[in-house]
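Here is a friendly briefing to read alongside the sequence and the model.

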Amino acid sequence: MSGLDALPRPVAAVVGGGGVLGSAHVGVGYALEQRGFVPDMIFGTSVGALTGAIAAAHVDSAAPWLDRVWTRLRRHDVFPLGRLATRVSLCADRGLRRLIARAGLPARIEQLPIPFTAVAMDLVTGAEVLLDRGDLESALLASAAIPGIFPPVVRDGRTLVDGGVVAYVPVRAALRAGAASVVVLSIGPESWPLQPIMPPRRPGAIASRAGMMLFHHQIERDLREVSQQIPTVVLPNGVRDWPAPWDFGHSQRLIRTSSAAAGSFIDRLQVDGPGLYRTHTLTATGTGVTR
């Protein structure tokens, strides 16, 4: 067998964070749905938790729904900067709540057709928190609660924030849950090899570069750890020109680009045991990894 059909079961879909860049998930979702791929479990962090929950609820039809949502979204729908601020965040989470309410999701995580886990972080202890049962709305809000931007979520006595702080791409959680292989939907420039460039000497650019490097090293560490044990497929999105984190005007371009890139990759994929399978390891043999 070739492509995703060759992956040992159970296979987990792992959907990473990325905020506005999450529209790239939609294109990858189209590629997966067109090829009949249905995972046995789904793990998501931040915007990936919302995408993952919708995929778990609407098997084989999540991508068109998400396409309509993303192409109509504007910054003030999600990030109403300067308005609706709270004592603990720059923005209220009313926009996120409206998105969740319109997604056709069940009230509880256990009611989803595909087992689903949202990843958050305990703000007190720094521990990774896996939310795989109970109220679905609060789980999604917690996983997407970007520190300082959205308010933390108190759930079961714990104060929770965005899981991307500790598990931007939660492949380790999938491995611990018993996945025999993982398919990763990872987005953003932090998912690719970092170019050795000096950012403009401006506070925002320096902070952005440092944050990108932090996430990049976390992602690479987790992918390599998991890929030593099970096949780990990272689906490409083909995007090189990324918009600003608050710019929702590029969703159609990101969806088109990611659908084509992921589809081409899947059609050429050959899986041969544990290893890290991504664009620059596509011709891997043996363990599935080339350096």
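**Helix packing, cores and backbone details**

Helix 2 crosses helix 6 in a right-handed manner. Keep in mind that this is a predicted model. The protein chain contains 10 helices and 9 strands, and buried residues account for 54% of its 291 residues. Among contacts in the protein chain with a separation of 6 or more, 72% are between residues 24 or more positions apart.

**Helix 2 and its partner**

- Helix 2 and helix 6 (residues 136-143) pack with their axes 7 Å apart, at an angle of about 150°.
- On the helix 2 side the contact is made by Ala49, Leu50 and Ala53, and on the helix 6 side by Leu136, Leu140 and Ser143.
- By residue class, this contact of helix 2 with helix 6 has 5 nonpolar residues, 1 polar and no charged.
- How many of the 11 residues of helix 2 are buried? The count is 10, leaving the helix mostly covered.
- The buried residues of helix 2 include Val47, Gly48, Thr51, Ile54 and Ala57.

**Helix 1 against helix 10**

- Two packed helices are described by the angle between their axes and the distance between the axes.
- For helix 1 (residues 23-34) and helix 10 (residues 251-268), the angle is about 40° and the axes are 7 Å apart.
- That angle makes helix 1 oblique to helix 10.
- The crossing of this pair, helix 1 and helix 10, is right-handed.
- Helix 1 contributes Ser23, Ala24, Val26, Gly27, Val28, Tyr30, Ala31 and Leu32 to the contact, while residues from helix 10 include Leu254, Ile255, Ala262, Gly263 and Ile266.
- The contact of helix 1 with helix 10 comprises 10 nonpolar residues, 6 polar and no charged.

**Nonpolar cores**

- In soluble globular proteins, nonpolar side chains tend to be buried together.
- Which members of the largest nonpolar core touch the most other members? Of its 59 residues, they are Leu4, Leu105, Phe116, Leu140 and Leu235.
- Helix 2 (residues 47-57) supplies the largest share of this core, 7 residues.
- Leaving out residues up to four places away in sequence, Leu4 touches Leu32, Phe37, Val183, Val233, Ile266 and Leu269.
- A second, separate core has 19 residues, among them Ala12, Met41, Phe43 and Val169.

**A buried aspartate**

- Where does Asp93 lie? Look in the loop between helix 4 (75-78) and helix 5 (94-101).
- Asp93 has a relative accessible area of 12% and is buried.
- Apart from its neighbours within four places in sequence, Asp93 is in contact with Leu141, Phe150 and Pro151.

**Backbone details to look at**

- Most residues other than glycine have a negative phi, and most peptide bonds are trans.
- Arg9 and Pro10 are joined by a cis peptide bond, with omega about 0°; Pro10 sits in the segment before strand 1 (11-15).
- Ser46 is not a glycine, yet its phi is positive, about 60°.
- The loop between strand 2 (41-45) and helix 2 holds Ser46, and Ser46 is buried, with a relative accessible area of 8%.
- Asp60, a residue other than glycine, also has a positive phi, near 75°; Asp60 is placed in the loop between helix 2 and helix 3 (62-72).

Terms used:
Residues numbered from 1 in each chain as written. Predicted model: local features only at pLDDT ≥ 70, side-chain atom pairs only at ≥ 80, totals over all residues. Heavy atoms only, no water. Axes fitted to C-alpha atoms, helices over the stretch in contact; angles between N-to-C directions. Helix = DSSP H or I, 4+ residues; strand = E, 2+ residues; numbered from the N terminus. Parallel < 35°, antiparallel > 145°, perpendicular 65-115°, else oblique. Left-handed = near helix turned anticlockwise from the far one by under 90°. Contact = heavy atoms within 4.5 Å. Nonpolar A, V, L, I, M, F, W, Y, C, P; charged D, E, K, R; others polar. Core = buried A, V, L, I, M, F, W, Y, C linked by side-chain atoms within 4.5 Å. Buried < 20%, exposed > 50% of the residue type's maximum accessible area, 1.4 Å probe, protein only.
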